Amino acid sequence: MDSRRDLLISVAVACLGLAILVMTGSIRTGIARDVIGPRAFPYAIGALLFVGGLVLSARRLRRMNAEGLFLVPEEGTDDNPDHPASAGRFLFIMVISAVYASVLMPLGYLIATPPFVALAFIAMGERRWLYTAAVPLVWTLSTYLLFSQLLNVRIPVGPLAPIFRELGLIIN
Amino acid sequence: MEIFGSLVGGLGQLGDPWLWSYVLIGTLVGVIGGAMPGMGTTLLYGMFLPFTFVMEPHHAVAFLLSISVGVGFGNSIPAILLGIPGTPSAVLTVIDGHTLHKQGKSGLALGASFISALSGQTVSILFFVVLIVPLMDMAYKFLYPELFALYLLGILAIVSLTGDNMLKGLMAAGFGFAIAMIGLDPVNLTTRFTFDQRILRSGVNLTAVLIGLLAVSEIFRSFRQSFNWSVPDGADLGDQKFPTRSEIRGMVPAAMTGTVVGTFVGAIPGAGATPAALISYQAAQLLSRTPEQFGKGSVEGIAANEAAQNASNSGELIPTLGLGVPGSSSMVLLLSALTVQGFVPGPLMVSKSPDLLYAAIAGMLAATVILAATGWFMSSVMLRAVSINRSAVLILSLATVILGVFSLNTRIIDVAVMLIAGGIGYLMLRYGYSTAAAALACVLGGEVERSLRLGLNLSNGDPLTFVSRPITATILLVTVAILAFGVYRHRQMKRKMRASDNLDSAKAMRSARAVTGSEAE
């Protein structure tokens, strides 16, 4: 584990605590009888995160200074030691997931899903092109039918809506 | 409520063909998912949770529990035949089961796992009923101070027993509380942390947050590595002879030890299947006539381990349904499913809706029956589950949870919340902040604050009310004891790791987590 990133996260925790402490001051108190009021709990949580984050940061800094090492034993979940790991791949898939979520309504599920799944396959190193094209298509169609027809969930279909309405596949 | 009445109620639900259909699907999903390394109960719950919202509540409970039952058995198949634990709790099955497989006794190992999983599950259902009914009868004695103490116990137990760094666990819980504070204040109904956004007035969608923290985080973490599990060329299934009667008789004491330990350890919030399996294994070794065989292909070792894993399913349900305090990540998701269905978590939940208890009993019993009928056949077929394309499983799991969370309210904002929670959960997993503690604090945060404030209001602001009442004082004492145990365990683990480079249990679990994923219980 990279201790600098761990330090960064501890600092982020402290900042979150500080932000909660600052924002709590603007919470309006209610009119009902309330011994400690709506601010007490946020103050306590803010203080916990702020102090805890600072303690974790101080501990990490002290160890970094004492040992002079940036790579320290994992405190979280290790990667599988037999295979290379890439944070870039995770980041790429997270970004395309966010893009997918943002275009799901305007483009519709049937148009937005296949490229999302196919891109994720490519990111994971899949190079069988027929597989990369076929699985997303089959997956998209089958899940659309399952959710929209069997589970009665309104799945957005974007520009295909007029066609689907004409075919009677969606009612409004 | 009577113990006998609960059992009859559970058996009564077995007449429902829809329940059997859902349980059949759930058990198969559980066995297949359990056989795939990295796919544990929590991830499967995350994937299938949205489907439960169209089910009746009792069907949803039975369906989700049948997944747990399936996983409890499925994870032993690759552990025995390939030496790869399906979930961390199966790591000890690798040691004895895979050794037996290499000795050409695969049938004995798989049979021991099969019989112990079934017996552990069945007997633990009786323990579950015997333990939960008195808890439910006590529920009416729980006023706000007791509720506060109870919720605090649940959260601090998870902080204490999960993860290696308790302070990070506490920060994770604090983060969960912070999410729970968004929206309307639970007593005065004034808005907090809404940034004047109408959409935040009712808070963030907790189900989306929980699926993000518990399931998507693990999927994101798995995306870091691209590889496939494979069945080695020429891997044979060994002999597939079912164990003989005398062999079965020999494993009964160990399986019973595993069942008792598994149920009780599973009932401790934060403990779950892995510690249940580890403690049962040690207990069975202590009671065994051949303790030297443990680790070298002991049938008793497999029996204790497998029985404990399945028994812990029933154990985890005791605080979840009996008190409204989920004992593990998967139970947080189960409770979340019930919350979406309109149930309010708390000690009165099952007392007011005993159907949930009956459904839990029926679901676990039906899953055990289905496992008994199909498990032996599946043990050889499911070996193929290991070689399913890992990347495809991960990508399609992510696509499923996105569609599932979107279908909750057909709102993109829920998907965005889930992805953000998944990203934060990924960092938490990587840097040792317990996602289970954050998720539990998310679920119970509002109730903790409400019971604290209403309790103080009712006692005119006297905080002594929270320590002077017998039930509250007892719960708080247990909380302190669990915290002290957590500190002791943390220090002991640190000392061990400093002192020895050998593969101690902590390191074994760490390496198992690397293979199977941290939350893959």
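**Notebook: a look through chains A and B**

I started at B:Phe193, which counts as buried because it has 20 C-beta neighbours inside 10 Å. I'm working from a predicted model here. B:Phe193 sits in the loop between E2 and H10 of chain B. I looked up its phi too: it is positive, about 50°, although the residue is not a glycine.

Most residues other than glycine have a negative phi.

Next I went to B:Asp196, in the loop between E2 and H10 of chain B. Its phi is also positive, near 60°, and it is not a glycine either. Buried or exposed, I wondered about B:Asp196? It counts as exposed, because I get 7 C-beta neighbours inside 10 Å and the cut-off for exposed is 12 or fewer.

Then I moved to chain A. It is divided into domain 1, residues 3–67, and domain 2, residues 87–167. I noted 39 Å between the C-alpha centres of domain 1 and domain 2 of chain A.

Just after H2(A), A:Gly68 takes a positive phi of about 65°.

Which residues of H2(A) are buried? I listed A:Phe41, A:Pro42, A:Ile45, A:Gly46, A:Leu48, A:Leu49, A:Phe50, A:Gly52, A:Gly53 and A:Leu56. I then looked up what these buried residues pack against: helix H1 (3–24) of chain A, plus helix H9 (166–180), strand E2 (191–192) and helix H20 (435–458) of chain B.

I have 59 residues of chain A in contact with 58 residues of chain B. On the chain B side, H9, H10, H18, H19, H20 and H23 each supply at least two of the touching residues. Sorted by class, the chain B side has 32 nonpolar, 15 polar and eleven charged residues.

Last entry: two helices inside chain B. H3 (residues 41–52) and H14 (residues 329–340) pack at an angle of about 10°, with axes 9 Å apart. The cut-off is under 35 degrees, so I can call H3(B) roughly parallel to H14(B). On the H3(B) side I wrote down B:Thr41, B:Thr42, B:Tyr45, B:Gly46, B:Leu49 and B:Thr52, which meet B:Ser329, B:Ser330, B:Leu333, B:Leu334 and B:Ala337 in H14(B).

How values were computed. Residues numbered from 1 in each chain as written. Chains lettered and ligands numbered in written order. Predicted model: local features only at pLDDT ≥ 70, side-chain atom pairs only at ≥ 80, totals over all residues. Domains from an automatic or database assignment. Helix = DSSP H or I, 4+ residues; strand = E, 2+ residues; numbered from the N terminus. Contact = placed C-beta atoms within 7 Å. Nonpolar A, V, L, I, M, F, W, Y, C, P; charged D, E, K, R; others polar. Axes fitted to C-alpha atoms, helices over the stretch in contact; angles between N-to-C directions. Parallel < 35°, antiparallel > 145°, perpendicular 65-115°, else oblique.
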